[in-house]
Amino acid sequence: MPTPVKHVPRAAGFLILVALLQAVACSPTKQRPPNVLLIVLDTTRGDAVSVHGTATGDGLLAPLQRLAQDGVVFSAARTVSAWTLPSHGSMFTGLYPSRHGAHHESHLLRDDLQTLAELLAPTHATAGFSENPHINAHTGFAQGFEVFTEAWRKKRFEPTVVQVRDWLGTRERERPFFLFVNLMDAHLPYRPSDELLQEFLPPGTDPADVQRMRSFSKIDCMKFEAGELRLPEADLAILRALYRAAVRKVEAHVDRLVDLLEQEGELDRTLVIVVGDHGENVGEHGLMQHQFCLYDSLLRVPLVLRLPGVFDGGERRDDPVQVLDLPPTVLDVVGVPRHLWPSFEGVSLLSRDLRPERPIIAEYMRPETERRRFRHGAPDFDFDPLDRRLQSYQVGDLKLIRDDQGRVELYDLSSDPHERTDVSTERPQDVERLSNALDTWLRSRETARTLGEVEMDEETLEELRALGYL
Ligand SMILES: [Zn+2]
């Protein structure tokens with residue numbers, strides 16, 4: 001039986017519905033709120049996309065550059081964890097993973113939270129298309145969507161872009177829409193075309209070696225991480241080229257989605273968000289894919305926002321932003337008054353005064369499901385050293401990573417952006433300062449956890465009472 005504690009946020013969500021409908025319907029000066037298109041480039045590193053300078057030099061605009069030219073690029077954007085589930089949870093709720101629940105230790109987005117789709121559902125038609133099997137109705141991610149297509153069931157469905165085109169063609173045209181699209185082309189197995197791959201391969205690469213590396217599997221990844229499979233630098237270079245080309249492939253899908261909006265006449269009244277959920281290790285730190293660490297190879301993600309008059313002009317911002325800032329940003333752009341927002345841990349990116357000392361925080365829970373994978377793929381490997389919780393806390397260029405056994409690493413990203421040299425021994429005062437700050441943050445959240453579900457500001461409570469919900 002639901003508790004009264006759970007009722008309050010739901011009522012708040014309904015209140016937003018009322019406020020939004022009133023705002024949209026009653027004021028002659030208000031225009032209809034913009035559409036929102038959230039495109040998640042699964043497994044896409046911040047330094048792999050064309051907006052950050054990996055263009056091919058052929059004079060043509062790489063796909064994402066086109067969007068970036070008209071929008072705003074957040075060049076220091078980070079995600080909140082190493083992999084899909086916690087990152088999407090934060091993009092949907094504006095909360096860190098330990099608060100929203102979708103992570104290794106529970107795998108379920110809390111049902112009592114208001115997701116972005118639920119918050120927009122009163123005013124927007126909502127549709128989700130997920131190519132990632134983690135993002136599905138069972139893990140709680142379909143909450144709030146009128147249409148939610150588990151697009152990884154590819155045998156049953158048309159390609160995702162075609163499905164989006166069909167949905168756009170049959171929607172109610174007078175309603176704004178919220179579209180969520182997860183694209184998986186950058187995820188292993190990397191399958192770019194030969195033509196795309198040629199742009200990234202080192203000159204003189206033997207086609208037979210390329211063919212061999214094209215079949216590099218998830219089992220091979222585990223064997224590499226377990227130290228049972230060694231790869232010469234030449235093979236790693238091919239693998240990195242395959243990954244980069246796969247990222248370029250996913251960027252091309254963004255281009256098609258933007259074209260669809262243009263054809264529908266909706267592009268300039270749509271907040272387009274292109275974001276990565278996490279990056280990818282291709283041999284860095286002795287790792288493959290995206291688990292077991294909170295290094296920037298996984299945390300740094302692309303983030304581009306575009307909406308004329310709001311996010312435009314090809315601006316580049318390097319303030320410390322994270323993917324959990326997206327829900328408050330969307331509500332801000334759509335025009336929901338702030339006192340009606342649910343309790344977010346992220347902040348709106350419309351705000352121009354994000355302080356440089358704002359911490360960038362990430363969390364990784366104990367990877368029990370990964371242990372099972374290794375039992376199958378590398379049964380002789382001692383998994384215990386990888387079986388740990390991690391937290392990272394970065395302020396400015398200094399980043400602390402701490403595990404649940406008290407081990408710490410410290411990196412100075414200004415001189416060591418790839419986090420190769422742990423300076424925790426040389427700089428104990430910085431370790432202590434950041435560690436204390438992390439502890440303070442953790443304590444503040446414990447307090448909020450006990451109070452937060454029922455704690456609402458007086459104005460909101462008054463509105464709830466006036467509307468008869470309390
Ligand atoms: Zn992912």
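The following legends describe close-up views of a predicted model.

Residues are numbered from 1 along each chain as its sequence is written. Because the model is predicted, local features need pLDDT of at least 70, side-chain atom pairs count only at pLDDT 80 or more, and totals for chains, interfaces and linings use all residues.

**View 1. The largest nonpolar core and leucine 294.**
A nonpolar core is a set of buried Ala, Val, Leu, Ile, Met, Phe, Trp, Tyr and Cys residues joined through C-beta atoms within 7 Å. A residue is buried if 20 or more other C-beta atoms lie within 10 Å of its own, exposed if 12 or fewer, and partly exposed in between, with C-beta atoms placed from the backbone. The largest core holds 115 residues, of which Ile39, Leu242, Ile273, Val274, Val275 and Leu294 touch the most other members. Helix α10 (residues 233–263) supplies the largest share of this core, 13 residues. Helices (H or I, at least four residues) and strands (E, at least two) are DSSP runs, numbered from the N terminus. Two residues are in contact if their C-beta atoms, placed from the backbone, lie within 7 Å. Not counting residues up to four places away in sequence, Leu294 touches Ala82, Leu299, Ala362, Tyr364, Leu390, Ser392 and Ile401.

**View 2. The four-stranded sheet.**
Strands β11, β12, β13 and β14 form an open sheet in the order β11-β12-β13-β14, with antiparallel pairing; two strands pair if DSSP finds at least two bridges between them. At the edges stand β11 (360–364) and β14 (408–412), each of which pairs on one side only. Neighbouring strands of the sheet are turned by 15° against each other on average, direction ignored. The antiparallel strands β11 and β12 (residues 390–395) are joined by five bridges, and Tyr364 stands opposite Leu390 in β12. Five bridges also join β13 (residues 398–403) to β14, again antiparallel, with Val408 in β14 as the bridge partner of Arg402. In the hairpin of β13 and β14, four residues lie between the strands, and Gly406 takes a positive phi near 85°.

**View 3. Helix α8 against helix α10.**
The axes of α8 (residues 207–214) and α10 come within 10 Å and cross at roughly 65°. Axes are lines fitted to C-alpha atoms, for helices over the stretch in contact, and angles run from 0 to 180 degrees between N-to-C directions. Angles under 35 degrees count as roughly parallel, over 145 as roughly antiparallel, 65 to 115 as roughly perpendicular and the rest as oblique. The two helices α8 and α10 are therefore roughly perpendicular to each other. The contact involves Asp209, Val210, Met213 and Arg214 of α8, together with Ala234, Asp235, Ile238, Leu239 and Leu242 of α10.

Helix α2 (residues 63–70) and α10 have axes that come within 7 Å and cross at roughly 50°, which makes α2 oblique to α10. Pro63, Leu64, Arg66 and Leu67 in α2 meet Glu251, Ala252, Val254, Asp255 and Val258 in α10. Helix α2 also lies across β2, β6 (270–276) and β9 (303–306), running at about 50° to β9. These strands belong to an open sheet of eight strands in the order β4-β3-β5-β1-β6-β9-β2-β10, with mixed pairing. Its edge strands are β4 (147–150) and β10 (315–317), each pairing on one side only. Three bridges join β2 (residues 72–74) to β10 in parallel, and Val72 stands opposite Glu315 in β10.

**View 4. The surroundings of serine 130.**
Ser130 is placed in strand β3 (residues 125–130). With 27 C-beta neighbours inside 10 Å, Ser130 counts as buried. Ser130 and Glu150 are 20 residues apart in sequence and 5.3 Å apart in space, C-alpha to C-alpha. Not counting residues up to four places away in sequence, Ser130 touches Ile135, Asn136, Glu150, Ala151 and Asn182.

Most residues other than glycine have a negative phi, and most peptide bonds are trans. The peptide bond from Leu188 to Pro189 is cis, with omega near -5°; Pro189 is in the loop between β5 (177–183) and α7 (194–198). His285, in the loop between β7 (281–282) and β8 (288–289), has a positive phi near 60°. With 15 C-beta neighbours inside 10 Å, His285 counts as partly exposed. Gln289, in strand β8, also has a positive phi near 60°, and Gln289 is buried, with 21 other C-beta atoms within 10 Å.
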